[in-house]
Amino acid sequence: MSDHYFNRTIPGFRSFIDGISDELLIICPFIKLNALKILLQDIKQRNVIVVVRWKILDLLMGVSDLSIYAFLKDNGWSLYINNKIHLKIILGDKKDLL
């Protein structure tokens, strides 16, 4: 996703995430640290789970950041890798889907 497109979608993503009270699941093959920080700023969720693809080529091309691991760990959140995903999902409280 280009920065221009992402910047236009931030208010919609933030509105969705702000309405989540317990658990946030983000499944996205490619995530950059800056984008993740924007999405997760000031959240109140106790449980955040992020699933990424992290194939070697993805990392070499710079479409994902290894540094999201430390960011998530520092906040007590979980990171999983599934090299077969290509879907993009944000699931809130196991009932609301974006």
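This is a predicted model: local features need pLDDT of at least 70, side-chain atom pairs count only at pLDDT 80 or more; totals for chains, interfaces and linings use all residues.
Trainee: Okay, and what makes Trp 77 count as buried?

Mentor: Set the value against the cut-off. Buried means under 20% relative accessible area. Trp 77 has 13% relative accessibility, so Trp 77 counts as buried. Across the chain, 42% of the 98 residues get that label.

Trainee: Which distances go with the pair Trp 77 and Ile 49, in sequence and in space?

Mentor: They're 28 residues apart in sequence, but their C-alpha atoms are 6.1 Å apart. For the whole chain, take the contacts with a separation of 6 or more: residues 24 or more positions apart account for 74% of them.

Trainee: What makes you say the overall size agrees with a compact globule?

Mentor: A compact globule of 98 residues would have a radius of gyration near 13 Å, and the chain has 13 Å, so the two agree. Along the principal axes, the C-alpha trace spans about 35 × 30 × 25 Å.

Trainee: Now the inside. What makes a group of residues a nonpolar core?

Mentor: The residues have to be buried, come from the nonpolar set, and be joined through side-chain atoms within 4.5 Å. The largest such core here has 22 residues, and Leu 24, Ile 26, Ile 31, Leu 36, Leu 40 and Val 50 touch the most other members. Two or more residues each come from helix H1 (3-18), strand S1 (23-27), helix H2 (33-40), strand S2 (47-52) and helix H4 (68-74). H2 gives the largest share, four residues.

Trainee: Which residues does Leu 36 touch, leaving out those up to four places away in sequence?

Mentor: Ile 26, Ile 31, Val 50, Ile 68, Phe 71 and Leu 72. There's also a second, separate core of five residues, including Leu 25, Ile 49, Val 51 and Ile 85. As general background, nonpolar side chains in soluble globular proteins tend to be buried together.

Notes
Residues are numbered from 1 along each chain as its sequence is written. Side-chain values use heavy atoms; hydrogens and water are left out. The radius of gyration is taken over C-alpha atoms; the globule rule is 2.2 Å times the number of residues to the power 0.38. Buried means under 20% relative accessible area, exposed over 50%, partly exposed in between (1.4 Å probe, protein chains only). Contact means heavy atoms within 4.5 Å.
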